[in-house]
Amino acid sequence: MKHIYNLFIFLCVSLTLWSCKDSEEIAQASLTLNNNELSFTGFRSSLAVKVDATRRWNAIPSDYWISVSPDHYPGANEHFIANVAVTVSDNETGQPREGRITFFLQDEEIATLIIKQDKQNEEERPEEEFPITWANLQWAASTSITEGESFEAGSCVFADGITNAMESTTGEGIIADIGYSLSDTDPSGPDWTWTSSTDDCWFNGDWGDNFYYQGHISGLPAGTYYYTFRIRNGSGPYKYAGTGGLWNGIDNINGTFEVKEASGGGDDGDDDDGIDYSKLVISWVNLQWRQDNSPKKGEAFNAGSKIEIKGLTDLEEAATSGNKHLTCEIGYSATSSDPSSDEWIWTTCPWSGDWGNEWYYQGFTSEIPEAGTYYYSFRYRIDEGAYTYVGTNGIWDGTNNVCGTFEVEE
């Protein structure tokens with residue numbers, strides 16, 4: 001059964017320490033907690049407390065059954081806002097217990113966090129050894145797309161003892177789905193639609209103390225939609241991401257995006273933007289990102305690329321959802337390292353976001369039927385012009401800028 005816990009008294013503890021270092025200037029040191037009391041009901045579990053600090057701090061638990069991670073942010077002359085994971089061990093005595101975590105800035109005691117633990121019945125012992133205590137909506141490529149395009153977004157996830165304990169390339173059994181609804185409701189409810197494939201939502205990489213997941217939603221008709229991610233560790237319960245932490249419907253809520261109608265007659269307004277596309281030139285491209293883990297036989301491979309076209313990608317008003325005049329495709333081959341050869345298999349790749357003076361595209365190859373080593377690249381073209389092929393850090397030339405490679409496992 002699920003364990004139960006409550007967060008008591010959202011009280012801001014803010015004390016200030018002044019110090020002087022080899023100078024007449026006064027340098028301020030501070031630490032703020034967003035809770036002063038945590039209550040655990042059950043056995044071993046973790047809760048997150050947000051710490052906002054300048055200067056280096058540490059936290060000392062008063063009893064062996066309380067632990068805190070991390071306990072040494074930030075460094076000197078730094079400012080850091082961190083989600084501290086407070087963990088209680090199994091309550092062997094069966095009696096209510098209370099402990100404290102004392103926070104220090106340098107050698108000065110600044111704040112105390114009170115921890116209370118009460119034991120429930122044996123059958124309420126949590127199934128999760130490493131529960132997910134924080135997740136957020138980290139990124140979205142664009143909040144406005146057109147029918148036929150994909151909406152793409154990302155989420156960061158924290159689970160003490162997993163996401164902050166290793167540099168992972170697989171997600172270590174923590175899985176995520178991206179979901180949407182026409183209603184701004186509790187994402188655990190029945191009016192939400194969720195992905196069921198790693199092709200739609202995948203582990204993107206290790207991000208400091210968090211794991212980062214990215215997913216896309218496609219095939220939606222015009223309308224306004226709400227979205228979020230749901231995450232679980234193995235077969236544990238789902239946790240739902242909000243705008244700044246786990247969804248609660250108040251401070252941490254669902255994200256939203258709009259799908260606009262595709263204009264009929266083949267004219268969506270791009271031809272009225274004053275740009276002469278016949279004079280545009282692709283000036284730079286690269287292989288920007290690829291998934292860390294190797295796909296299995298029968299799965300697709302995921303990667304991303306950037307492109308620069310002066311007079312298009314550097315225009316702020318053009319950075320909404322790509323442009324109908326620009327085509328991007330991702331391709332692969334088992335036999336040829338020249339992406340212009342006939343041995344390559346190509347798949348349309350969606351626009352994913354604006355990146356300064358460049359645009360970013362990310363997508364999947366078609367499913368790869370056999371294990372082995374493969375070459376991959378992207379190709380772009382403006383209207384019906386010649387394709388430009390992408391190398392590792394510039395236009396493909398077969399020497400300095402070449403194709404990427406990846407492995408497909410049995």
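Me: How many bridges join strand 25 to strand 26?
Reply: Happy to start there, with the reminder that this is a predicted model. Strand 25 covers residues 351–355 and strand 26 covers residues 358–364. The two run antiparallel, and the number of bridges joining them is four.

Me: How many disulfides does the count come to?
Reply: A disulfide is a covalent bond between the sulfur atoms of two cysteines. For C328, the closest cysteine sulfur is in C349, 4.2 Å away. The cut-off is 2.5 Å, so that sulfur is too far for a bond. By this rule the number of disulfides is zero.

Me: Is C328 buried or exposed?
Reply: Good one to check by the numbers. Buried means under 20% relative accessible area. C328 has 2% relative accessibility, so C328 counts as buried.

Me: And C403, buried or exposed?
Reply: The cut-off for buried is again under 20%. C403 comes out at 9% relative accessibility, so C403 counts as buried.

Me: How far apart in space are I395 and S283, C-alpha to C-alpha?
Reply: I395 sits in the loop between strand 28 (388–389) and strand 29 (404–408), and I395 is partly exposed at 35% relative accessible area. Not counting residues up to four places away in sequence, I395 touches several residues, including I282, S283 and V285. I395 and S283 are 112 residues apart in sequence, while their C-alpha to C-alpha distance is 8.3 Å.

Methods. Residues numbered from 1 in each chain as written. Predicted model: local features only at pLDDT ≥ 70, side-chain atom pairs only at ≥ 80, totals over all residues. Heavy atoms only, no water. Buried < 20%, exposed > 50% of the residue type's maximum accessible area, 1.4 Å probe, protein only. Pairing = 2+ DSSP bridges. Contact = heavy atoms within 4.5 Å.
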